[in-house]
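Trainee: Could you walk me through a model, one feature at a time?
Mentor: Gladly; here it is.

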Amino acid sequence: MIVLDRGALGPSFQLDAGRLALVTPGPVTRPEQRVDCAWDERVQLRPGAVNAHTHLYSGLAPLGLPAPARPPENFVQILERIWWRLDRALDEKSLRASVRYAIADALLSGTTTLVDHHESPRFIEGSLDVIADEAQALGIRLAVGYGATERNGGAEEAQRGLAECRRFLDANRRSLVRGMVALHASFTVSDETIRAAGELAWSLTAPMHVHVAEDVADVEDARRRGYEGPLERLLHLEALPPGSVVAHGVHLDAAEVERADGAGVWLVQNPRSNEGNRVGYPHSLRASAHVALGTDGWPAKMDDEAAALRRLGRAHGDDEKALEARLGAGQGLASALFKMSLGEVKPGFVADVVAGVPGEPPRQVLVNGRRVVADGRLVTGDLEEIRAKAKEAAPELWRRMEAFP
Ligand SMILES: [Zn+2]
């Protein structure tokens, strides 16, 4: 029986089948059962953070991803010259190293749930198992889907991406992992692919995860195809079941955001990524109460993402209260995705819990009642080995990027 010992800071909690329960007062006699949550009077016990949109496949990027030979001048060129070259270069080994490195970093930062959007066009079949196995082993909660696209190999590539989602959704039994259906973005798929993705999602009662209106190029593409925009296209082709996750929405208008909200769709704002890619600020997201926070592949230190949200939101005239609500909205998104009570440190809630002094790295992290970070150290994996493997895999990946222009 694990006890989250708050001492005089109280109340303390014990864990009952991965859920929080109030502890009966009295000393914890066996030291191995005690999780110290009172080493400093400033220690707070809070729910683990949720990163509602990310890309674990880019986890090696902080380890020296080289700048492209020709600097990108717009969003599509950023994709073409950096991320679409990186994802084509991924194989099983580099994906595994990337995922382990990014997950370890997330857990050590107090992030306990990731909503991952995956693509590795030269390693599609079985790729979701690599990600899911590492999430389960290291002990992070994960929702994951393969972002089907036609940008490299046309309709056949998209079918393989959707088949990987289907295979994974059928086969996955990991306690911490849920499957999703995913599309890369409206502008890299045909109507047929969108329709097939929607049919798959509805038939398996799985949510969709897709980039929408991240850049104006996505909107212009949907208009050229005869739609009002990418959101309207996805809704028209019945590809956004309730509970779906739409990343970005930078170039949606307020009426479109309201339509997404009415369809029960979550939107995810990614402040650092949007700023870095210079795609604009998502003004219209204020029309939805279901906007969560994601890092879009940036490291999952959600405090840094939150600071960026506050800074950019204020600069763009967003309401302070609405911004604060966005910081917590990921908990609702995760509770819906995993069909469990997440997001509060209260009896009955699942023990995805972090103990730490605000502004310092967390010392104790539990996911589903399992200790994953103890006294500031990762206990579910060998951090030195994870970092060494990542440093070995990164330059190999950069070399393959050169080989696959
Ligand atoms: Zn993204």
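Trainee: What should I know before reading?
Mentor: This is a predicted model, in which local features need pLDDT of at least 70, side-chain atom pairs count only at pLDDT 80 or more, and totals for chains, interfaces and linings use all residues. Residues are numbered from 1 along each chain as its sequence is written.

Trainee: How many helices and strands does the protein chain have?
Mentor: The protein chain has twelve helices and 18 strands. Helices (H or I, at least four residues) and strands (E, at least two) are DSSP runs, numbered from the N terminus.

Trainee: What radius of gyration does the protein chain have?
Mentor: The radius of gyration is taken over C-alpha atoms, and the globule rule is 2.2 Å times the number of residues to the power 0.38. For 405 residues a compact globule would be near 22 Å, and the protein chain agrees with its 21 Å. Along the principal axes, the C-alpha atoms fill a box of roughly 70 × 45 × 40 Å.

Trainee: Which domains does the assignment give?
Mentor: Domain bounds come from an automatic or database domain assignment. Here that assignment gives domain 1 (3-46 + 348-375) and domain 2 (48-338). Their C-alpha centres lie 32 Å apart. Twelve residues of domain 1 are in contact with twelve residues of domain 2, where contact means C-beta atoms, placed from the backbone, within 7 Å. On the domain 1 side that touches domain 2, β15 (353-356), β16 (364-367) and β17 (370-374) each supply at least two residues.

Trainee: How many residues are in the largest nonpolar core?
Mentor: In soluble globular proteins, nonpolar side chains tend to be buried together. A residue is buried if 20 or more other C-beta atoms lie within 10 Å of its own, exposed if 12 or fewer, and partly exposed in between, with C-beta atoms placed from the backbone. A nonpolar core is a set of buried Ala, Val, Leu, Ile, Met, Phe, Trp, Tyr and Cys residues joined through C-beta atoms within 7 Å. The largest one here has 114 residues, and those with the most contacts inside it include I103 and L107. Helix α2 (residues 92-108) gives the largest share of this core, nine residues. Both domain 1 and domain 2 contribute residues, so the core lies between them. Beyond residues up to four places away in sequence, I103 touches L56, E134, A135, L138 and I140.

Trainee: Is A213 buried or exposed?
Mentor: A213 is buried, because 29 other C-beta atoms lie within 10 Å. A213 sits in the loop between β11 (208-212) and α6 (216-224). Leaving aside neighbours within four places in sequence, its contacts include D218, G229, H248 and L252.

Trainee: What is the strand order in the open sheet of four strands?
Mentor: Strands of a sheet pair through backbone hydrogen bonds, either parallel or antiparallel. Two strands count as paired if DSSP finds at least two bridges between them. The order in this open sheet is β3-β2-β1-β4, with mixed pairing. β3 (19-22) and β4 (34-36) stand at the edges with a single partner strand each, so one side of each has no neighbour in the sheet. Strand β1 (residues 3-5) pairs with β4 in the parallel sense over three bridges, while β1 and β2 run antiparallel, joined by two bridges. β2 and β3 are antiparallel too, over four bridges, with F13 opposite L22 in β3.

Trainee: Which peptide bond is cis, and what phi does A17 have?
Mentor: Most residues other than glycine have a negative phi, and most peptide bonds are trans. The bond from G10 to P11 is cis, with omega near -10 degrees, and P11 lies in the loop between β1 and β2. A17 has a positive phi of about 50 degrees although it is not a glycine. A17 lies in the loop between β2 and β3 and counts as exposed, with 9 C-beta neighbours inside 10 Å. K339 has a positive phi near 55 degrees and is exposed, with 8 other C-beta atoms within 10 Å.

Conventions:
Two residues are in contact if their C-beta atoms, placed from the backbone, lie within 7 Å.
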